[in-house]
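Please look at the sequence and the structure before reading on.

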Amino acid sequence: MKLFVTFSLVFFMCSCANVKETEIITLLQNWEGHEITFHDNHVFTILGKDTIAFPFQDGYKILTYVDSVGCIGCKLQLTEWKKYIMEMDSLFDNSIQFLFFFSPEKKVDIIRALLLSHFDYPVCIDEQDSLNKLNDFPTEMAFHTFLLDKSNKIIAIGNPIHNPKIKELYLKIIQGGEVKPDNRKLIIQTEVSVDKYTISLGHFDWQEKQKASFVLKNIGKSLLVIQDVNTSCGCTEVTYSKEPIQPGGSVVLDVSYRAETPGSFDKTITVYCNANSSPIVLRITGNADGC
């Protein structure tokens, strides 16, 4: 399973900027080929209401676990999961099973999120956090999603919703294709400067939408192409021009943030592009004040 350690590491480095490389290597080695343990009595429901039979399949499974720490909406990304499930179903004729285990502090928060997103795929609302207690998952959120084989052994780790490189990795493994080292050296690279990496929105009424802008300038000699932009939270949206940027030109990333609840926040915007410094991690911070 050296493939797992080598290539999962390559892809993870793009989404775990806060985790040291040595810690990633150790974690991947510890979880390589690890079999996930499940209870016989896990209960799955639709929209938190109807209990259904949901037997585990023998093929590939994508397991994602969400704990009660932090912003539930940021972690769930249910709308993006719906799109991903539809995409995988169309490619693999519904043969990939998705296992969602949510362990909320308040069950009503999960149910509200399910209803708002019209997420009618079976989920397990694990109020006792039993799956985590059985398996002792890593504390880092980026390591809470797994690609499992038919024996429930881990093939790869990473959230395909948060990181397009993880999405690509999962697809290649499921398709049975050869997973090769990061091929960024085969792509024409350029250089990018950023006007600022962090913007503080200060204090504001939590019910008021906030806006900020980041400017990326192409200071290299080749076209700059933004391949994808991901946010750490569904409450953060980014718009930008999809056109390639000529050398010397710039692109503006317009960020809008709408708080789900009062409180301080620190959200990331990750830009994937053909720059030597990619992925570029930007942040917005502030305090959404309540009444």
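Is the crossing of H4 and H5 right-handed or left-handed? The crossing of H4 and H5 is right-handed; a crossing counts as right-handed if the near helix is turned clockwise from the far one by less than a right angle, and as left-handed if anticlockwise. The contact there is made by Leu 78, Thr 79 and Lys 82 of H4 and by Ala 113, Leu 114 and Ser 117 of H5, where contact means heavy atoms within 4.5 Å.

This is a predicted model, in which local features need pLDDT of at least 70 and side-chain atom pairs count only at pLDDT 80 or more, while totals for chains, interfaces and linings use all residues. Residues are numbered from 1 along each chain as its sequence is written, and side-chain values use heavy atoms, with hydrogens and water left out.

**Chain overview.** The chain has seven helices and 15 strands; helices (H or I, at least four residues) and strands (E, at least two) are DSSP runs, numbered from the N terminus. Of the 291 residues in the chain, 47% are buried, that is, under 20% relative accessible area with a 1.4 Å probe, protein chains only. Among contacts with a separation of 6 or more, 69% are between residues 24 or more positions apart.

**The sheet.** Five strands form an open sheet in the order S5-S4-S3-S6-S7, with mixed pairing. The edge strands are S5 and S7, each pairing on one side only. Two strands pair if DSSP finds at least two bridges between them. Strands of a sheet pair through backbone hydrogen bonds, either parallel or antiparallel.

| Strands | Bridges | Direction |
|---|---|---|
| S3 (residues 61-66) and S4 | six bridges | parallel |
| S4 and S5 (residues 124-125) | two bridges | parallel |
| S6 (residues 145-148) and S7 | three bridges | antiparallel |

Leu 63 stands opposite Leu 99 in S4, and Phe 101 stands opposite Cys 124 in S5. Leu 148 stands opposite Ile 154 in S7.

**Strand S4.** S4 covers residues 97-102, and six of its six residues are buried. Gln 97, Leu 99 and Phe 101 point one way, while Phe 98, Phe 100 and Phe 102 point the other way. Phe 98 lies in S4 and has a relative accessible area of 1%, so it is buried. Leaving out residues up to four places away in sequence, Phe 98 touches Phe 54, Ile 62, Trp 81, Tyr 84, Ile 85, Met 88 and Tyr 121. The C-alpha atoms of Phe 98 and Phe 56 are separated by 9.4 Å, and these residues are 42 residues apart along the chain. S4, H5 (residues 107-117) and S5 make a right-handed β-α-β unit: with the strands pointing away from the viewer, the path from the first strand over the helix to the second runs clockwise.

**Helix H4 and its partners.** The axes of H4 (residues 78-92) and H5 come within 9 Å and cross at roughly 55 degrees. Axes are lines fitted to C-alpha atoms, for helices over the stretch in contact, and angles run from 0 to 180 degrees between N-to-C directions. H4 is therefore oblique to H5; angles under 35 degrees count as roughly parallel, over 145 as roughly antiparallel, 65 to 115 as roughly perpendicular and the rest as oblique.

The axes of H4 and H7 (residues 164-175) come within 12 Å and cross at roughly 20 degrees, so H4 is roughly parallel to H7. H4 passes H7 in a right-handed crossing. Residues in this contact include Tyr 84 and Met 88 of H4 and Tyr 170 and Leu 171 of H7.

How values were computed:
Buried means under 20% relative accessible area, exposed over 50%, partly exposed in between (1.4 Å probe, protein chains only).
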